[in-house]
Amino acid sequence: MQAGYAYKDRTCTFLVTDGLLPISNAEIVIQKQGETSQTFFTDALGEFKFIGNGNFDYAVNVSGYKIQTGSFTLSENSIFEQVILSKMYDLEFTITDGAN
């Protein structure tokens with residue numbers, strides 16, 4: 001960025017999927033460095049458009065999936081951020097002493 005130059009707002013388009021299908025109502029928490037975080041949700045197509053400029057961190061959270069985190073910069077160009085979530089599974093183990 002040039003000294004004294006302020007970039008106009010740009011768009012970061014998020015697409016949240018499970019690798020195949022879009023995930024609707026995914027929670028996206030975005031925080032511009034040094035500012036308070038904001039929470040948004042994807043639409044029925046798994047998309048959300050964020051408008052701003054600067055450096056941002058994000059976390060995508062959906063029940064039953066591993067939280068995905070990342071960062072992006074909006075300055076000269078709009079960008080596309082694809083987020084692929086992985087399923088989480090609960091495993092239960094039973095350990096016996098061999099006598100049962």
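Reply: A nonpolar core is here a set of buried Ala, Val, Leu, Ile, Met, Phe, Trp, Tyr and Cys residues joined through side-chain atoms within 4.5 Å, where buried stands for under 20% relative accessible area, exposed for over 50% and partly exposed for what lies in between (1.4 Å probe, protein chains only). The model is predicted, with local features needing pLDDT of at least 70 and side-chain atom pairs counting only at pLDDT 80 or more, while totals for chains, interfaces and linings use all residues. Residues are numbered from 1 along each chain as its sequence is written, and side-chain values use heavy atoms, with hydrogens and water left out.

The largest nonpolar core contains 19 residues, and those making the most contacts inside it are Phe14, Val16, Ile30, Phe50, Val60, Phe72 and Leu85. Two or more residues each are given to this core by strands E1 (10-17), E2 (27-32), E4 (47-52), E5 (54-61) and E6 (68-74); strands (E, at least two residues) and helices (H or I, at least four) are DSSP runs numbered from the N terminus.

Setting aside neighbours within four places in sequence, Phe50 is in contact (heavy atoms within 4.5 Å) with Arg10, Thr11, Cys12, Phe14, Ile30, Gln38, Phe40, Phe56, Phe72 and Leu74. The structure holds eight aromatic pairs, a pair being rings of Phe, Tyr or Trp (its six-membered ring) with centres within 6.5 Å, called stacked when the planes are under 30 degrees apart, edge-to-face over 60 and tilted otherwise. One of them joins Phe50 to Phe72 edge-to-face, at 6.1 Å centre to centre and 80 degrees between the planes, and this pair links strand E4 with strand E6 across 22 residues of the chain. Both of these residues are buried.

Phe72 also pairs with Tyr58, and this pair is tilted because the ring centres are 6.1 Å apart and the planes stand at 40 degrees. Tyr58 lies in E5 and Phe72 in E6, so this pair ties together parts 14 residues apart in sequence. Tyr58 counts as buried at 7% relative accessibility, as does Phe72 at 4%. Phe14, Phe40, Phe48, Phe50, Phe56, Tyr58 and Phe72 form one aromatic cluster.

Four strands form an open, antiparallel sheet in the order E3-E2-E5-E6, where two strands pair if DSSP finds at least two bridges between them. The edge strands, E3 and E6, each pair on one side only, and neighbouring strands are turned by 25 degrees against each other on average, direction ignored; axes are lines fitted to C-alpha atoms (for helices over the stretch in contact), with angles from 0 to 180 degrees between N-to-C directions. E2 and E3 (residues 38-41) share four antiparallel bridges, with Ile28 opposite Phe40. These two strands form a hairpin with five residues between them, and in its turn Gly34 has a positive phi of about 90 degrees. E2 is joined to E5 by six antiparallel bridges, with Gln31 partnered by Asp57, whereas E5 and E6 share seven, with Asp57 opposite Ser71.

Ala26 lies in the loop between E1 and E2 and counts as buried at 0% relative accessibility. Beyond neighbours within four places, Ala26 is in contact with Val16, Phe40, Phe41, Thr42, Val60, Asn61 and Val62. The C-alpha atoms of Ala26 and Thr42 are separated by 5.3 Å, although these residues are 16 apart along the chain.
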